[in-house]
Amino acid sequence: MGEDLTVSQIFRWASQTEAGRATLAWKLLRHIADNPADTARDAVLGYATRITRTSAVDDTARAFVQMVFSPLFDFLIERVSSQSSVLYVLERYVRRVEWFERGDLYRRYLADRQNGEAVYDLDLRKFLFSEGINMPFSQAKSASGLSDVLTDLDTDDPFIGEVKLFDADGHGKRELATGVNQATQYAQDWNKTTGYLVIINLSGRTLELPTDGPEGAWPPYLDLGGVRVYLIAVRALPTPTASQQGKPRPVPITREDLINPDI
C-alpha cells in the first residue's frame, strides 16, 4: 500500500464497484493510521499532489478527502441507513405478530400444516409491502436456487429474506441452519452483503440465538463469507398468560448449530 501511494502517477480506482472502492479507501485509512505520522503524512501528500497537480497543501488535502474518503463515508452512511430502516420494519413485524396476529395466523397454519411456512411467508410479504417495501410476489432464481426476493425500501436492489419454521420437532435446528446457508448463498449470488432469516418460533419456548455482534443487542447476526445474516425470531405460538406458563425453558442454539446443517 505504501509503495502504491508513492509511485502511482495518476489517480485510478483498482475496483469499479462501490463496495470495492469503499474497501480500498478503508484499507488506505488503516495504512495511514498504522504508520508513523511523518511517513503517513509524506505518503498522503505525495499521492494527493498527483491528483490535483498542485503543491498547495490545503488544496491537495481537500482533493484527497473528496476523491478518496468522501465516497467511503457516503457508502457507510447509505448502508447503515438502509439496514437500519429494514431492521426497524422487521422489528415492527415481530411486534405485530406477537401482539395482535398470533392467534389468527396459528389457526391458518393448523388448517394447512403441509404448507404452514407459506402462511407466514405470505403474511410477512404483505406486511412489508404495506410498510413501503416494493416486492415481487414470486420467487426469483439465482445461481443457488429459488430465494424469496424482496426489494429494498427506496431502490430496486433485491433484499434477501428467508422464512423458516421452528417447533423443536419436525422443524428444528437443522432447518434454521439451512435457512442461514440459503440466505448467505442468495446474498452472494445477488452481490449483497446482508441477508435476513425470519424464524417463526412455534415451540412455545424462547430461542437463545448466537451472535457475532455485541452481547444482548437486537437482532443477533452471523458474519459468514462476507455476508451478515440477521436472525429475526418471532414468537408465533399462542401461549397462556405469563402467570400460567411455568418456569422458562429456553432453547439454546449455538453458532455451530446454524453454520453446519449436518449437525
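Here is a short walk through this predicted model, one selection at a time.

Local features here need pLDDT of at least 70 and side-chain atom pairs count only at pLDDT 80 or more, while totals for chains, interfaces and linings use all residues. Residues are numbered from 1 along each chain as its sequence is written, and side-chain values use heavy atoms, with hydrogens and water left out.

**Whole protein.** Start with the cartoon view: you will find 7 helices and 9 strands (DSSP runs of H or I, at least four residues, and of E, at least two, numbered from the N terminus). Of the 263 residues, 40% are buried (under 20% relative accessible area; exposed is over 50% and partly exposed is in between, with a 1.4 Å probe and protein chains only).

**Helix α5.** Next, select residues 116–130, a helix that reaches 22 Å from first C-alpha to last, close to the 21 Å expected (1.5 Å times one less than its number of residues). Its buried residues include Y120, F127 and L128.

**Salt bridges.** The structure has 9 of these (a side-chain nitrogen of Lys or Arg within 4 Å of a carboxyl oxygen of Asp or Glu). R125 is buried at 5%, and D121 is buried at 16%.

Now move to E91 and R95, which meet at 3.1 Å, N to O. Both belong to helix α4 (residues 57–111). E91 is partly exposed at 28%, as is R95 at 40%.

Finish with R92 and E131, a salt bridge at 3.3 Å, N to O. R92 lies in α4 and E131 in the loop between α5 and β1 (140–142), so the pair ties together parts 39 residues apart in sequence.
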